[in-house]
Amino acid sequence: MPRTNLILLALILTACATPTPLPTLMPVPTVLPTPTFAPTTTSVSTVSPTLPPTFAPTATATIAVPLIITRDANAFSREATVPILMYHYIEPVPPNNKDQLRADLTVTPEKFEAQLKFLKERGYTSIDLYQFYGALARGDKLPAKPVVITFDDGYGDLHEYAFPLTEKYGFTGTIFMITDFTDAQKSDYITWAKALEMARAGWRLESHTKNHPSLEGQSVEFQRDQLKGSMDALKKNLGYTPRFLAYPYGKFDQNSIKVLQEVGYWGAVTTNIGRHHSFGSLYTSPRVRVNGYNELPAFAQSLGEKAP
């Protein structure tokens, strides 16, 4: 057969053949790189006279938890005038009472309500010691007329009388608790369950040591046990570390301040009378004492207000 015919025959056979299908290629999935998360660093603040922590609140499900942040460069130049009221018992005076000290420390519910009403009418807003601290440490803005309402010892009457009255007038308070007494369920003292109820409503629970000894003249080891022990007990029951102390009997020394700073307290209140504060004196903050004998004009005077 001629060469030309052979070539033509090959082309015809090729055209008639069933083509072999090409394999279908499945798309190759794009593999995204697994993101690498940098571990969150939990900063640990060491409290010292030269670098105390400052405050920023963050919300939890039930209690606002204070966090440690850095104070600013102007902290030691700041001052503020804030009355920190000091109460003990809020309850009716026991009948046939002959204990003059108890009478002095007891403000009746009627007097307490009159004082709260006066504060409300004069434009006061209650703050806690964390807000007070933030104002001095980094210049946080406070209400026009702030007041801190504190109660020493943590008596059981606070839940029955003080708590509903403060809620009625839109205020909150701070209880300085004697933690061993609450742990032991002493009948005169507030229970952890009731204290937590108040904390969830905006109250603060802070330290008044483990069992209320005078700290003045005590060893560093003794004071550390009292101050760190009460802090730990409050943290266990609150879920966060409390940062403020009321000195039992108002007694303290330089070792007290040193230990407070070492274990992480941000400040302490005394029984000294005054309304003026500075960042440099946060461990010796004065208060305004409210006793059972004071009538409303004396209460107003202690705040620098005109009598009603």
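Visitor: How many salt bridges does a search of the whole structure find?
Guide: The search finds 13 salt bridges, each being a side-chain nitrogen of Lys or Arg within 4 Å of a carboxyl oxygen of Asp or Glu. Please keep in mind that this is a predicted model, where local features need pLDDT of at least 70, side-chain atom pairs count only at pLDDT 80 or more, and totals for chains, interfaces and linings use all residues. Residues are numbered from 1 along each chain as its sequence is written, and side-chain values use heavy atoms, with hydrogens and water left out.

Visitor: What makes Arg-138 and Asp-140 a salt bridge?
Guide: Their side chains meet at 2.7 Å, N to O, and the limit is 4 Å, so the pair qualifies.

Visitor: Why is Arg-138 called partly exposed?
Guide: Its relative accessibility is 28%.

Visitor: What parts does the salt bridge of Arg-224 with Glu-262 tie together?
Guide: The closest N and O atoms of this pair are 3.0 Å apart. Arg-224 belongs to helix H8 and Glu-262 to helix H9 (residues 254-263), so the bridge ties together parts that are 38 residues apart in sequence.

Visitor: Why are H5 and H7 called roughly parallel?
Guide: The axes of H5 (residues 157-169) and H7 (residues 192-200) come within 10 Å and cross at roughly 20°. Axes are lines fitted to C-alpha atoms, for helices over the stretch in contact, and angles run from 0 to 180 degrees between N-to-C directions. Angles under 35 degrees count as roughly parallel, over 145 as roughly antiparallel, 65 to 115 as roughly perpendicular and the rest as oblique. H5 and H7 are therefore roughly parallel.

Visitor: Which residues make the contact?
Guide: With contact meaning heavy atoms within 4.5 Å, H5 supplies Leu-158, His-159 and Phe-163, while H7 supplies Lys-194, Glu-197 and Met-198.

Methods
Helices (H or I, at least four residues) and strands (E, at least two) are DSSP runs, numbered from the N terminus. Buried means under 20% relative accessible area, exposed over 50%, partly exposed in between (1.4 Å probe, protein chains only).
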